[in-house]
Amino acid sequence: MPINADTLRRRSAAEMDAAARGFGEAVWLRDAFLRVPREHFAPARVWWPSPREDGLYSLIDRGERPKAWLKAVYSTGAPLITQMDDGLIPPAGPAKGAFTSSISYSGVIIELLRHLAPEPGERVLELGTGTGYTTALLATRTGQGTVVSIEVDPSIAERARQNLNRLGLDPLVITGDGEEGHPASGPFDRIIATASVRTIPRAWLEQLRPGGVLLAPLDSPFGCDLLVRLTGTGPGTAQGRFVAQLHFMRFRGQREPRPYAELGWPDSVEVDRWQELRVEAGPRGQQIIDPTQQRSTARTARAESPLQ
Ligand SMILES: C[S@@+](CC[C@H](N)C(=O)[O-])C[C@H]1O[C@@H](n2cnc3c(N)ncnc32)[C@H](O)[C@@H]1O
C-alpha cells in the first residue's frame with residue numbers, strides 16, 4: 001500500500017481504536033480525526049522531540065525528506081516541535097532549546113477531546129492554538145461560528161488562522177494572552193487549554209457557564225501535569241477531578257515554579273492516589289482536596305489578596 005496521508009491517518013485511527021486512552025465510545029471523535037488532514041497543519045520544518053546523542057533535536061524538513069516528515073506528522077505518540085525559545089531559534093537545522101510550541105501528538109489530543117466531549121452547536125474556548133489542528137477538530141464537531149481560540153504568539157496565531165481558513169473552517173483566532181480568555185464571546189459551554197497552568201486563571205472560571213466543562217493540564221507535585229476536568233457550579237466557580245497524567249508546555253505567564261502549598265495543594269499526597277483527589281476552583285483560588293485528609297487551608301496567592 002502506498003504511504004500517503006490518507007493511509008497514515010487511517011492507520012493512526014486504527015491505533016487509537018485499540019488504545020486504552022484512544023477514541024473509546026466517542027465515534028464523533030474518530031470521524032473528526034479522519035476528516036481533518038493533520039498534515040495540513042504541520043509546518044514544513046519541525047523538530048523531532050527526542051534528542052540525538054549530541055543533545056540536539058533533529059530537524060525534519062518536508063522538502064528534503066517528505067516521507068519521514070509525513071510519518072512523523074502521523075506518529076500518534078510524539079509531538080512535533082514547531083518553536084523553540086519563543087522563536088529565537090530558527091528552524092534551520094538541528095538545535096537545542098526550550099520547547100515553546102508544537103503540533104500536539106494525536107494520542108494526547110484525542111484523550112483531551114474525549115474528556116471534553118463537546119456537542120454540536122456548543123460554544124468552545126480553546127487556549128493555546130498552536131498550529132490550529134486541535135481547533136480544527138473542535139470546529140468539525142461543534143460547527144460554524146462556535147470556536148474561539150487564543151494564541152499568544154502573533155506569527156503562530158496568523159499561521160493557524162490561515163491553516164483553518166484554507167480548509168473553510170471559521171474559528172475566531174485571537175492573538176493575545178489566553179489566561180484572560182475572551183469575555184466578549186462567553187460564556188462558553190466548553191473550555192480547553194492545550195498548554196499547562198500552575199493555577200487555573202480566574203477568567204476561565206468566570207467565562208464558563210454553569211454546567212459547562214473546563215479541561216486543562218495542571219502542574220502537580222508528581223513530576224507530571226494532571227488533566228483536570230471541572231464542571232461549572234455557579235458564576236466563577238467549578239469543581240471536578242483529575243482524569244489523566246500527561247506533560248504539556250507551560251503557559252508563558254506561568255513558567256516560574258511556585259510552592260505547591262501556595263497553589264492549593266495539600267501538604268503531602270501519595271502519587272498513586274491522584275485519581276482520588278478533588279479539585280475546587282473559584283474567586284478565592286484553587287484547592288486540591290484529599291478526601292482522606294483534613295481540608296487543605298492552602299490558597300493561591302491571589303486568594304490572599306485583600307481585594308477578593
Ligand atoms: C502545546 S502548544 C499547542 C498545540 C496545539 N494543540 C496543536 O496541536 O497545534 C501550546 C501553545 O500555547 C501557546 N501559549 C503559551 N502561552 C500562552 C498564553 N498565555 N496564551 C495563549 N497561548 C499561549 C504557545 O505559544 C503554544 O503555541
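## Notebook: loops, helices and burial

I began at a proline: Pro187 sits in the loop that runs between β7 (172-175) and β8 (188-193). I checked the peptide bond before it. Gly186 and Pro187 are joined by a cis peptide bond, with omega at about -5°. I note here that the model is predicted.

**Entry: the whole chain**

I listed seven helices and 13 strands. I then looked up the overall dimensions. The C-alpha atoms fill a box of roughly 60 × 45 × 35 Å along the principal axes. The radius of gyration is 19 Å, which agrees with the value near 19 Å for a compact globule of 308 residues.

Next I looked at burial. Of the 308 residues, 55% are buried.

The chain has 36 positive and 36 negative charges, and their mean positions are 3 Å apart.

**Entry: helix α3**

I went to helix α3, residues 66-73. Which of its residues are buried? I noted Trp69, Leu70, Ala72 and Val73. These cover an arc of only 160° around the axis, so they lie on the same side of α3. I then looked for what covers these buried residues. The cover includes α1 (5-18), β1 (45-51), β2 (57-61) and β3 (80-84).

**Entry: helix α5 and the glycines at its ends**

I turned to helix α5, residues 133-142. Ten of its ten residues are buried, so the helix is largely enclosed by the rest of the structure. I went through the names: the buried residues of α5 include Tyr133, Leu137, Leu138 and Arg141. Several threonines are buried there too, namely Thr134, Thr135, Thr140 and Thr142. Ala136 and Ala139 are also buried in α5.

I checked what comes after the helix. Gly143 follows α5 and has a positive phi, near 100°.

Is Gly132 buried or exposed? Gly132 is buried, at a relative accessible area of 0%. I set aside its neighbours within four places in sequence and looked for contacts. Gly132 is in contact with Phe41, Ala160 and Leu164. I also took a distance from Gly132 to Asn163. The two are 31 residues apart in sequence, while their C-alpha atoms are 7.0 Å apart.

I looked for residues other than glycine with a positive phi. Asp85 is one of them, with phi at about 50°. Asp85 belongs to the loop between β3 and β4 (99-103). Its relative accessible area is 27%, so Asp85 is partly exposed.

Ala117 also has a positive phi, near 50°. I found Ala117 in the loop between α4 (106-116) and β5 (124-127). At a relative accessible area of 26%, Ala117 is partly exposed.

**Entry: Asp17**

I moved to Asp17, which lies in helix α1. Asp17 is partly exposed, with a relative accessible area of 42%. What does Asp17 touch, not counting residues up to four places away in sequence? I noted Phe23 and Arg30. I then looked up the spacing of Asp17 and Arg30. They are 13 residues apart along the chain, and 8.3 Å separates their C-alpha atoms.

**Entry: Thr233**

My last stop was Thr233, in strand β10, residues 225-234. Thr233 has a relative accessibility of 44% and counts as partly exposed. Beyond residues up to four places away in sequence, Thr233 touches Ala238 and Gln239.

How values were computed:
Residues are numbered from 1 along each chain as its sequence is written. This is a predicted model: local features need pLDDT of at least 70, side-chain atom pairs count only at pLDDT 80 or more; totals for chains, interfaces and linings use all residues. Side-chain values use heavy atoms; hydrogens and water are left out. Helices (H or I, at least four residues) and strands (E, at least two) are DSSP runs, numbered from the N terminus. The radius of gyration is taken over C-alpha atoms; the globule rule is 2.2 Å times the number of residues to the power 0.38. Buried means under 20% relative accessible area, exposed over 50%, partly exposed in between (1.4 Å probe, protein chains only). Lys and Arg count as positive and Asp and Glu as negative; His and the chain ends are not counted. The place of a charge is taken as NZ of Lys, CZ of Arg, CG of Asp or CD of Glu. The arc is that of the directions from the helix axis to the C-beta atoms. Contact means heavy atoms within 4.5 Å.
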